[in-house]
Amino acid sequence: MSSAFSEDPLRVLRTVRFYSRYYDLGFAIADDTLTLMRQLVDTGELAHLSAERIWQESSRATMQLSPQVYWQKLFEIGALTEYFAPLHHAWDNVQIRETAQTALYFAGQMQLNLSQRWALLMTSLSSSLFNSENSESPSNVSTAIKNINAIGNKAKVPKAHTQFATLFTQQAEKLSTINSLNASEKIDLIQACGAHKEPDKLSQLLVCSHVLQLATQHRQMMLALNSFHAIGMTDIAPDLKGPAIGATLRQSRIEHLQAQQ
């Protein structure tokens with residue numbers, strides 16, 4: 001196994017791709033193999049691979065049923081730092097990482113195309129999309145677009161996917177608030193998306209918007225579910241009686257959830 005990996009570091013990506021492909025069937029990567037993969041990453045062996053080969057493996061993995069598994073494992077072993085450095089840095093934020101991975105999961109289940117899946121992955125680079133308290137600032141959008149293009153150039157991502165990801169990042173806020181847009185804003189959105197020439201593109205962007213919202217909502221409710229299960233009878237005063245038990249459990253779970261957010 002050691003010599004095989006050393007002779008062709010691309011096997012690192014292929015192993016992760018097959019892991020994600022058969023993940024739902026219970027496939028796992030052996031600990032000694034993971035250790036070797038991390039060593040190859042740490043010594044910079046992946047840097048010797050051509051960008052075309054990196055993209056070939058990554059695009060194939062992104063089109064699988066559970067694409068999030070591929071990107072999560074690459075993050076865990078540090079393999080994103082060479083060709084996808086801005087993504088690696090963005091995923092240091094747990095909220096962004098978990099939401100983007102959930103979006104990719106839903107994208108796989110819904111059979112979205114590669115441009116849509118790539119756009120959802122690239123939303124990781126726009127931090128304000130994951131903060132409900134802040135609207136998308138021009139500076140944040142500009143930085144995100146710069147990083148999307150940087151990854152596109154470094155990993156030789158086809159321009160069509162980079163352009164779609166850029167467009168989605170630029171229009172994500174408006175796409176998520178369609179119901180509140182006035183007539184002029186809707187006309188401007190049509191123009192900005194080029195929907196007057198390619199109506200299907202607008203549909204694809206709207207689907208991406210809904211998937212990202214669904215991923216955000218799913219993560220929020222999973223946190224709530226975890227807090228619900230985290231607090232039980234052993235976590236409240238033993239002398240409580242009747243309705244006080246339920247009320248105390250409820251309040252303790254609320255406080256636990258608030259501490260997680």
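**Exercises: aromatic pairs and a cavity**

At 0% relative accessibility, Trp118 counts as buried. The model is predicted.

**Exercise 1.** Classify the pair formed by the rings of Trp55 and Trp118, and state which parts of the chain the pair ties together.

*Solution.* 
- Start with the total: the structure holds ten aromatic pairs.
- Take the geometry. The ring centres of Trp55 and Trp118 are 5.1 Å apart and the planes stand at 85°, so this pair is edge-to-face. The cut-off for that class is over 60 degrees.
- Place the residues. Trp55 belongs to helix H4 (residues 51-62) and Trp118 to helix H8 (residues 114-122), so the pair ties together parts 63 residues apart in sequence.
- Check burial. Trp55 has 9% relative accessibility and counts as buried; buried means under 20%.

**Exercise 2.** Describe the largest cavity and its lining.

*Solution.* 
- Its volume is about 50 Å³.
- The lining consists of Leu13, Leu46, Ile54, Leu74, Ala79, Glu82, Tyr83 and Phe84.
- Sort these residues: seven are nonpolar, none is polar and one is charged.
- Tyr83 also has a charge over its face: Lys154, at 5.6 Å from the ring centre.

Conventions:
Residues numbered from 1 in each chain as written. Predicted model: local features only at pLDDT ≥ 70, side-chain atom pairs only at ≥ 80, totals over all residues. Heavy atoms only, no water. 1 Å grid on protein atoms, 1.4 Å probe; cavity = no way out; pocket = protein on both sides within 12 Å on 5 of 7 lines; lining within 4 Å. Points joined across faces, edges and corners; volume = space filled by probe spheres on them. Nonpolar A, V, L, I, M, F, W, Y, C, P; charged D, E, K, R; others polar. Phe/Tyr/Trp six-rings, centres within 6.5 Å; stacked < 30°, edge-to-face > 60°. Helix = DSSP H or I, 4+ residues; strand = E, 2+ residues; numbered from the N terminus. Buried < 20%, exposed > 50% of the residue type's maximum accessible area, 1.4 Å probe, protein only. Lys NZ or Arg CZ within 6 Å of the ring centre and 35° of its normal.
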